[in-house]
Amino acid sequence: MNILSIKNLKKVFRVERLFTGTKQTVIAVDDVSFELKKGKVLAIVGESGSGKTTIARCIAGLEDYDGEIFYKGEKINYKDKETRRQVQYIFQDTYNSLNPRMKIKDILVEPIIFHFALSEKELQLEILKCLKDVGLKEDIINKYPYELSGGQRQRVVIARALVMKPELIIADEPVSSLDVSIQAQILKLLYDLNKKGITVIFITHDLRIVKLIADEIIVMHHGKIVENGLVNKIYKKPESDYTRKLLEAVI
Ligand SMILES: Nc1ncnc2c1ncn2[C@@H]1O[C@H](COP(=O)(O)OP(=O)(O)OP(=O)(O)O)[C@@H](O)[C@H]1O
Ligand SMILES: [Mg+2]
């Protein structure tokens, strides 16, 4: 079953030039279509500015767009609380995605009580379980985001997505700001979550990572898909020159 089906997605930004005030348009995503099967990991790669985050933001309902996005066979409805729970977007910038004035405990409790009716005890157990799942110690719950390391913050962001019991996680460059050893741990975490049945869209610049985690890959260039298919096939025999260049750069 396709968990996600994207048809002719297009996003145009209108921007005003700083000094002249003239209006310009940027076509961030240009006629992008793809399908994603439940339980798979899809990597979206491409250089900076190629439209990866914009695709993610459209899927997460954070941008309006042209084209259509179907979730589980129906046009995605962001007003549906259940859909908002099932589709979780992990932002590129973890620092700004955690409210600096909230303790980690409250950051995790807030979405749970919005979506689930749990007793105080159940709530506590749920939080402890999620912290354990992402490899964080209990004592972190009384800290503020600024008191954490980058790797710990990234785990909190993932834990906050997990408390929602998501079915689709869109992780936007979840490891690029982290040390290599921490990168490996977070990747393993996403890999394990996928093995538990969560479908993952993994956005990255880094083609070395893609092979470790993804089943399928989409290569973006200037807002368009230049290549789409199974990772193994594309690594062995890329069809577009652009993909070949990206691959040559890492081998
Ligand atoms: N809110 C916005 N307003 C105007 N232009 C935007 C906006 N968001 C993105 N863009 C433009 O759209 C294009 C695609 O940006 P996007 O953030 O999707 O790229 P990306 O592939 O995620 O890049 P990176 O790898 O650097 O994160 C870029 O030209 C960017 O400048
Ligand atoms: Mg981006």
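Buried here means under 20% relative accessible area, exposed means over 50%, and partly exposed is what falls in between (1.4 Å probe, protein chains only). This is a predicted model, so local features need pLDDT of at least 70 and side-chain atom pairs count only at pLDDT 80 or more, while totals for chains, interfaces and linings use all residues. Residues are numbered from 1 along each chain as its sequence is written, ligands are numbered from 1 in the order in which they are written, and side-chain values use heavy atoms, with hydrogens and water left out.

**Around ligand 1**
- Ser48, Gly49, Lys52, Thr53 and Thr54 come nearest among the 15 residues around ligand 1, where being near takes a heavy atom within 4 Å.
- A polar side-chain atom of threonine 54 sits 2.5 Å from a ligand 1 oxygen, and for the side chain of threonine 53 the N or O atom is 2.8 Å from a ligand 1 oxygen.

**Aromatic pairs**
- Rings of Phe, Tyr and Trp (its six-membered ring) pair if their centres lie within 6.5 Å; planes under 30 degrees apart are stacked, over 60 edge-to-face, the rest tilted.
- The count comes to 2 aromatic pairs.
- Tyrosine 89 and phenylalanine 91 make a tilted one, 4.7 Å centre to centre with 45° between the planes.
- Tyrosine 89 counts as buried because its relative accessibility is 11%, while phenylalanine 91, at 30%, is partly exposed.
- Tyrosine 144 and tyrosine 146 are stacked because their planes are at 15°, with centres 6.2 Å apart.

Terms used:
A polar contact is a pair of N or O atoms within 3.5 Å; within protein, one must be able to donate a hydrogen and the other to accept it, and residues adjacent in sequence count only if both atoms are side-chain atoms.
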